[in-house]
Amino acid sequence: MIAGPHLSADGRAHAEAVGALARRLGWPVLADGLSPVRNHASCVPHLVTRYDAILRTPAAAQELRPEAVVCLGEWPTSKVLRQWVEASAAPVTFVTQRPDNRDALHGPTRRFVASLEELARGCPRPGRERLREALAWL
């Protein structure tokens, strides 16, 4: 899951919603440099902020290739992260409250128009089939 750039009057509330979703899915969160999630790390389990250094190592980038990507809000500002997602060919789902298409990579993405709070409340709980179930739900 990628927590993209986000302008919010209440960064902690945003981070708590991201953390709730991450806990329900059991997924790590890669937080963009412009995401308020970075300032409220205690709210988000499995938070990764130094992904650029990791993904610049070809073996690590290949080993960590995602099966699916959920991008919360906008695409991340990190070129390295965007290229890694694009190269993975993983299905990408944008969760946003914006009705317009904000996919700067122009890839085959899906949009789920909802607030993070709505998504976290309705998201399936983790289990054996959590990836498949979560993607079907989105």
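Because the model is predicted, local features are taken only where pLDDT is at least 70 and side-chain atom pairs only at pLDDT 80 or more, whereas totals for chains, interfaces and linings use all residues. Residues are numbered from 1 along each chain as its sequence is written, and side-chain values use heavy atoms, with hydrogens and water left out.

## Overall fold

The protein chain holds six helices and six strands, where helices (H or I, at least four residues) and strands (E, at least two) are DSSP runs numbered from the N terminus. Read from the N terminus on, these elements follow the order β-α-β-β-α-α-β-α-β-β-α-α. Of the 138 residues in the chain, 43% are buried; here buried means under 20% relative accessible area, exposed means over 50%, and partly exposed lies in between, with a 1.4 Å probe and protein chains only. Among the contacts in the chain (heavy atoms within 4.5 Å) with a separation of 6 or more, 53% join residues 24 or more positions apart. The chain exposes about 7,800 Å², of which carbon and sulfur atoms supply 51%; the areas come from the Shrake-Rupley method with a 1.4 Å probe, and for residues only the protein chains shown count as cover.

## Nonpolar cores

A nonpolar core is a set of buried Ala, Val, Leu, Ile, Met, Phe, Trp, Tyr and Cys residues joined through side-chain atoms within 4.5 Å. The largest such core has 20 residues, and those that touch the most other members are Met-1, Val-18, Leu-21, Val-29, Val-37 and Leu-72. At least two residues of this core come from each of α1 (11-25), β2 (29-31), β4 (69-72) and α5 (116-122), and the largest share, six residues, is supplied by α1. Apart from this core lies another, of 15 residues, which includes Val-69, Trp-75, Val-85 and Ala-90.

Val-37, named above among the core residues with the most partners, touches Ala-3, His-14, Ala-15, Val-18, Ala-31, Val-44 and Leu-47 when residues up to four places away in sequence are not counted.

Gly-11 and Glu-16 are both residues of helix α1. Gly-11 counts as buried because its relative accessibility is 15%, while Glu-16 counts as partly exposed because its relative accessibility is 40%.

| Residue pair | Separation in sequence | C-alpha to C-alpha distance |
|---|---|---|
| Gly-11 and Val-37 | 26 residues | 7.1 Å |
| Glu-16 and Cys-43 | 27 residues | 5.3 Å |

## The second largest pocket

A pocket is defined on a 1 Å grid over the protein atoms alone, as an open set of points where a 1.4 Å probe fits, with protein on both sides within 12 Å along at least five of seven lines, and its lining residues have an atom within 4 Å of a point. Grid points are joined across faces, edges and corners, and a volume is the space filled by probe spheres set on the points. The second largest pocket has a volume of about 310 Å³. Its lining comprises 17 residues, and the closest to the centre are His-6, His-14, Gly-73, Thr-96 and Gln-97. Helix α1 gives the most to this lining, with three residues, and α1, β5 and α5 each supply at least two. By type, the lining divides into eight nonpolar, six polar and three charged residues, where Ala, Val, Leu, Ile, Met, Phe, Trp, Tyr, Cys and Pro count as nonpolar, Asp, Glu, Lys and Arg as charged, and the others, Gly among them, as polar.

Thr-96, one of the residues closest to the pocket centre, belongs to strand β5 (residues 92-96) and is buried, with a relative accessible area of 10%. Not counting residues up to four places away in sequence, Thr-96 touches Arg-111, Phe-112, Val-113 and Ala-114.

## Positive phi in two loops

His-46, although not a glycine, has a positive phi of about 55°; this residue lies in the loop between β2 and β3 (47-48) and counts as exposed at 58% relative accessibility. Ala-89, likewise not a glycine, has a positive phi of about 60°. Ala-89 is placed in the loop between α4 (79-88) and β5, and its relative accessibility of 67% makes it exposed.
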